[in-house]
Amino acid sequence: MTYAEFYRRSVDEPEAFWGEQARLIDWHTPPQRILDNDKAPFTRWFVGGTTNLCHNAIDRHLKDRPNQAALIHVSTETGREETYTFAQLHDQVQRAGAAIRSLGVSRGDRVLIYMPMVPEAIVAMLACARIGAIHSVVFGGFASVSLASRIEDASPKLIVSADAGSRGGKVVPYKPLLDEAIRLSSHKPDAVLMVDRGLASMDHVAGRDHDWKALTERHAGVQVPCEWLDATDISYTIYTSGTTGKPKGVQRDVGGYAVALAASMKHIFQCKAGQTYFCTSDIGWVVGHCYIVYGPLIAGMATIVYEGLPIRPDAGIWWQLVEKYKVNVMFSAPTAVRVLKKYDEAFLKKYDLSSLQSLFLAGEPLDEPTARWIHDALGVPIIDNYWQTETGWPLMTIANGVEKKASKFGSPGLPMYGWKVKLVHETTGEELTKPNEKGVVVVESPTPPGFMQTVWRDDARFVKTYWQTIPGKTLYSTFDWGIRDEDGYYYILGRTDDVINVAGHRLGTREIEESISSHKAVAEVAVVGVADNVKGQVAMAFAVLRDPAAYPDAAARLKLEGEIMKVVDGQLGAVARPARVRFVTLLPKTRSGKLLRRAIQAVCEGRDPGDLTTIEDPSTLQQIKEQVQAG
């Protein structure tokens, strides 16, 4: 079957198509109705069916592969490295499930998980799934105010945390942050379960705080059967920042999510049971939920859980792990590749990477120069994919498991099966059908399995935020600009709120960034629109050089700035030329590697950059501020 036929069937005959995909997982009770879209956009999948994520991730593999590696944990921060088989992981999850139940948690209760990348974090997630509790994982190291807002919204009965995380050899104590967050929140959890890694001292609150090791060991040997949940029950919530207001709790179901992940492992990632998957994300983000924890385990694979940086102890650490654990499929972010691009390729070439089938990249637009560099360095397919916390799995990529398709550098690919993707005009809602017309990327209802159910405890916000932004239409807005070429491949041009309007010309920051990145001296760049009295806005660029020593003084950098301007002129036209290209040593990013464009823009315009609790290095923003003030 061609991919075009596969896709067409998925959108024209969704019940038949997804009924077939549902066979990829185990059901306790088969679904009675595959699709219920009677109350669109609140689409329900596999109604009447009962299943369990933990059963599909662990228990169903015990018969055929109990002694196969399931979870491989590597921490270059602490030197801890260990492997759990499916049987061992099953034992750990049952202990944790019993421990969590002993603290009063039952089906439908919320458990907030605030953890570093350690096995206990994944065990806690799976234990919640096992007993029917709703987990809400918060990225480890969030500041107290941000954590407090999530505690307030999730109202967890239990919080699972650790004494500390570590990044770049620097210990980050979690317990003081957690205690302060609980103090700030009007909601108080009944209990706190702490993993003591021996990294930082902890003050225990009597009657509330419990020790993970002691409590789970006390429940060794206790049998904790899987709770059979309705397919439409809530599996977890995960918070994503909004442009305004409090973070949104994206709510996901059980059955649809399990089927979506199982199908993606087969059709998109081309994975097989017994293989090894290495996703370099964090469980605090949706990619970690899907492709560190649930996706690989549902597929019967070993999953690598990595704590550390991609350049420590050196820039070859990831490739060392690929060789050691014979990684078959890898999933990372363009940001990480851009970091590695600054280091000697010898770090790549010294390891045997013959097991690696493909590298998937997502999280932000993948520029062509970066894609080409890593492709040439690794010699395997580099497959971009585009999706969001809300979508739950790739909205666009290449489904080589259905039909081999060529990737196009700079494009995430084609709409994936089940997603009725369109481009529309941002003010009229008119569908754009001609090649290379620029519009807002939207999705028609019904959305496929795995998509968010709603915003946690706020159906009205779900409808208003996502489905009522295009005039006169009920369409899910991705809030991203895109174009589609003559072959149907999409190109994402940046957020609709990252558009620069220069003298009436609307320009996506992505277009300018990609142009600047094509200069051989540039390793990474961020472009923002800055208010201008004459033109309304001008583009301002901040670039990180591959070799700063090659441009040691102001004269050399001024000359380079002129060269870069000429590149943009030549590729996009003078209208897209940035007003300035300033050179910095690092760009301001969140701990998950996303550029803080809004903060950069605010500093350039002399405004308060706002909430910076997720920033990796505050000095990066200060560096930009000093550059701007210097003129």
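A search of the whole structure, which is a predicted model, finds three cavities of 30 Å³ or more. A cavity is here a set of points on a 1 Å grid over the protein atoms alone where a 1.4 Å probe fits but cannot get out; grid points are joined across faces, edges and corners, and a volume is the space filled by probe spheres set on the points. Local features need pLDDT of at least 70 and side-chain atom pairs count only at pLDDT 80 or more, whereas totals for chains, interfaces and linings use all residues. Residues are numbered from 1 along each chain as its sequence is written, and side-chain values use heavy atoms, with hydrogens and water left out.

The largest cavity has a volume of about 60 Å³. Its lining (residues with an atom within 4 Å of a point) consists of A315, W319, L340, Y343, D344, E345, F347, L348, W373 and I374. Two or more of these residues come from each of α13 (346-349) and α14 (368-378); helices (H or I, at least four residues) and strands (E, at least two) are DSSP runs numbered from the N terminus. By class, the lining holds eight nonpolar residues, no polar ones and two charged ones, where Ala, Val, Leu, Ile, Met, Phe, Trp, Tyr, Cys and Pro count as nonpolar, Asp, Glu, Lys and Arg as charged, and the others, Gly among them, as polar.

The largest nonpolar core comprises 119 residues, and L126 and Y291 have the most contacts inside it. Such a core is a set of buried Ala, Val, Leu, Ile, Met, Phe, Trp, Tyr and Cys residues joined through side-chain atoms within 4.5 Å, buried meaning under 20% relative accessible area (1.4 Å probe, protein chains only). Helix α5 (residues 119-131) gives the most to this core, with 10 residues. Leaving aside residues up to four places away in sequence, L126 touches C54, A57, I58, L89, V93, V293, Y294 and L297 (contact: heavy atoms within 4.5 Å). A second, separate core of 32 residues includes Y351, L359, A371 and V380.

An open sheet of mixed pairing is formed by eight strands in the order β12-β11-β8-β6-β7-β14-β15-β25; two strands pair if DSSP finds at least two bridges between them. At the edges stand β12 (209-211) and β25 (454-455), each with a single partner strand, so one side of each has no neighbour in the sheet. Strands β6 (residues 110-115) and β7 (residues 134-139) run parallel and are joined by six bridges, with M115 opposite F139. Strand β6 also pairs with β8 in the parallel sense over four bridges, V111 standing opposite L158. Five bridges join β8 to the parallel strand β11 (residues 191-195), where V192 is the bridge partner of I159.

Five of the five residues of β8 (residues 158-162) are buried, so this strand is largely enclosed by the rest of the structure. L158, V160 and A162 lie on one side and I159 and S161 on the other.

Helix α18 (residues 597-604) is likewise largely enclosed, because six of its eight residues are buried, namely R597, A599, I600, A602, V603 and C604. The elements that cover these residues include α16 (509-517), β30 (522-532), β31 (536-545) and α19 (618-630). Following α18 is G606, with a positive phi near 75°. Helix α16 is itself mostly covered, with eight of its nine residues buried: T509, R510, I512, E513, E514, S515, I516 and S517.

Terms used
On a 1 Å grid over the protein atoms alone, a cavity is a set of points where a 1.4 Å probe fits but cannot get out, and a pocket is an open set with protein on both sides within 12 Å along at least five of seven lines; lining residues have an atom within 4 Å of a point. Buried means under 20% relative accessible area, exposed over 50%, partly exposed in between (1.4 Å probe, protein chains only).
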